[in-house]
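Colleague: Hi! Could you walk me through this one before I head off?
Modeller: Happy to, let me put it on screen.

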Amino acid sequence: MTKYLFALCCLVLISLGGCATTTSSGIDPFELTNRRINAFNENLDQKVVKPVATTYKDYTPEFIQRGVGNFFGNLRDLWSTVNNGLQLKPKETLETGVRVLVNSTIGIYGLIDFATPIGFQRHSADFGQTLGYWGTPSGPYLVLPILGPSTVRDASALLVDRQGDLLGQVHPIITRNQGTVLRLIDKRSSYIGYDDRLDEMALDKYTFVRDAYLQRRASQTRRGAGSDEDAASKVE
């Protein structure tokens with residue numbers, strides 16, 4: 001499933017080359033196409049993803065939800081350690097690396113988060129952030145099918161991020177796909193309620209999400225600035 005999803009994202013990148021419009025500033029020259037993809041994503045979310053995530057949140061025991069979230073968070077921490085190292089951030093690299101070591105051992109493969117209570121905080125990083133940190137421009141804003149907000153730089157970096165994702169190396173394929181679906185449901189369940197408040201606050205939800213995403217990524221890729229968004233959010 002992930003292979004076809006990334007192929008679809010690459011197709012979107014190619015097709016956008018001939019779909020630029022002048023409906024927005026330079027940050028969003030593909031706004032018309034982006035809005036169509038965003039509408040598709042929201043329709044899919046409302047009809048499929050959100051109902052499943054809501055059922056998961058309401059009926060799955062809390063300790064299981066916590067274990068699932070911790071497990072996938074530990075997988076992200078491993079790749080974050082690599083990217084913090086590529087950004088020459090010794091503190092973030094060491095702290096995130098210790099998180100992986102502690103949670104992967106006494107935390108039983110990451111199911112239990114022992115690292116946070118003893119003071120080792122999460123410093124999330126991905127390859128798109130690494131490219132931005134070393135000066136690669138973000139390029140225009142993109143909305144990817146299913147994956148949502150991105151930029152040309154970040155979408156291209158997904159190909160590398162996928163190689164750094166241990167879940168993507170799992171075999172057989174059916175187990176990998178089951179894990180991918182579970183991770184999507186777990187991530188979506190953590191935002192239940194926030195989307196309703198966003199609908200109430202934002203006059204134009206698309207513009208609000210776009211500007212918030214671009215500001216957040218600019219902050220993460222700024223040299224000398226903190227890159228730990230997990231202080232304010234459970235998941236990335």
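**Walking through the model**

Modeller: Let's start at the hairpin of strand 1 and strand 2, where three residues lie between the strands and isoleucine 146 takes a positive phi near 70°. Helices here are DSSP runs of H or I with at least four residues, strands are runs of E with at least two, and both are numbered from the N terminus.

Colleague: And what should I keep in mind about the numbering and the model?
Modeller: Residues are numbered from 1 along each chain as its sequence is written, and the model is predicted, so local features need pLDDT of at least 70 and side-chain atom pairs count only at pLDDT 80 or more, while totals for chains, interfaces and linings use all residues. Side-chain values use heavy atoms, with hydrogens and water left out.

Colleague: Which way do the side chains of strand 1 point?
Modeller: In strand 1 (residues 141-144), Tyr141 and Val143 point one way, Leu142 and Leu144 point the other way, and all are buried. Buried means under 20% relative accessible area, exposed means over 50%, and partly exposed is in between, using a 1.4 Å probe and protein chains only. In a regular strand, side chains alternate between the two faces of the sheet.

Colleague: Zooming out, how many helices and strands does the chain have?
Modeller: Nine helices and two strands, in the order α-α-α-α-α-β-β-α-α-α-α along the sequence. Of the 236 residues, 43% count as buried. Among contacts (heavy atoms within 4.5 Å) with a separation of 6 or more, 68% join residues 24 or more positions apart.

Colleague: Which residues make up the largest nonpolar core?
Modeller: Seven residues: Ala53, Tyr56, Val68, Phe72, Leu75, Leu167 and Ile185. Helix 2 (31-59) and helix 3 (62-86) are the elements that give two or more residues to this core, and helix 3 gives the most, with three. Apart from this core lies another, of six residues, including Ile37, Tyr141, Tyr206 and Tyr213. A nonpolar core is a set of buried Ala, Val, Leu, Ile, Met, Phe, Trp, Tyr and Cys residues joined through side-chain atoms within 4.5 Å.

Colleague: What is isoleucine 185 in contact with?
Modeller: Leaving aside neighbours within four places in sequence, isoleucine 185 contacts Val52, Ala53 and Tyr56.

Colleague: Switching to charges, how many salt bridges does the structure hold?
Modeller: There are 18, each a side-chain nitrogen of Lys or Arg within 4 Å of a carboxyl oxygen of Asp or Glu. One of them joins lysine 50 and aspartate 195 at 3.2 Å, N to O. That pair links distant parts of the chain, with lysine 50 in helix 2 and aspartate 195 in helix 8 (residues 194-201), 145 residues apart.

Colleague: Are lysine 50 and aspartate 195 buried or exposed?
Modeller: Lysine 50 and aspartate 195 are both buried. They also belong to a network of salt bridges that links Asp45, Lys50, Arg188, Asp195 and Asp196.

Colleague: Which residue does arginine 122 meet in a salt bridge?
Modeller: Aspartate 77, at 2.7 Å, N to O. Arginine 122 is in the loop between helix 4 and helix 5 and aspartate 77 is in helix 3, 45 residues apart, and both are buried.

Colleague: What else does aspartate 77 have around it?
Modeller: Threonine 96, which lies in helix 4. Not counting residues up to four places away in sequence, threonine 96 touches Asp77, Ser80, Thr81, Asn84 and His123. Threonine 96 counts as buried because its relative accessible area is 0%.

Colleague: Last topic: which residues form the nonpolar patch on the surface?
Modeller: Ile106, Ile108, Tyr109, Leu111, Ile112 and Phe114, with about 600 Å² of accessible area together. Those areas come from the Shrake-Rupley method with a 1.4 Å probe, and for residues only the protein chains shown count as cover. Patches are made of residues with over 30% relative accessible area and no salt bridge, with like charges joined within 9 Å and nonpolar side chains (Val, Leu, Ile, Met, Phe, Trp, Tyr) within 5 Å.

Colleague: Where is isoleucine 112 found?
Modeller: Isoleucine 112 is in the loop between helix 4 and helix 5, and counts as partly exposed because its relative accessible area is 37%. Not counting residues up to four places away in sequence, isoleucine 112 touches Asn70, Asn103 and Gly107.

Key. Pairing = 2+ DSSP bridges.
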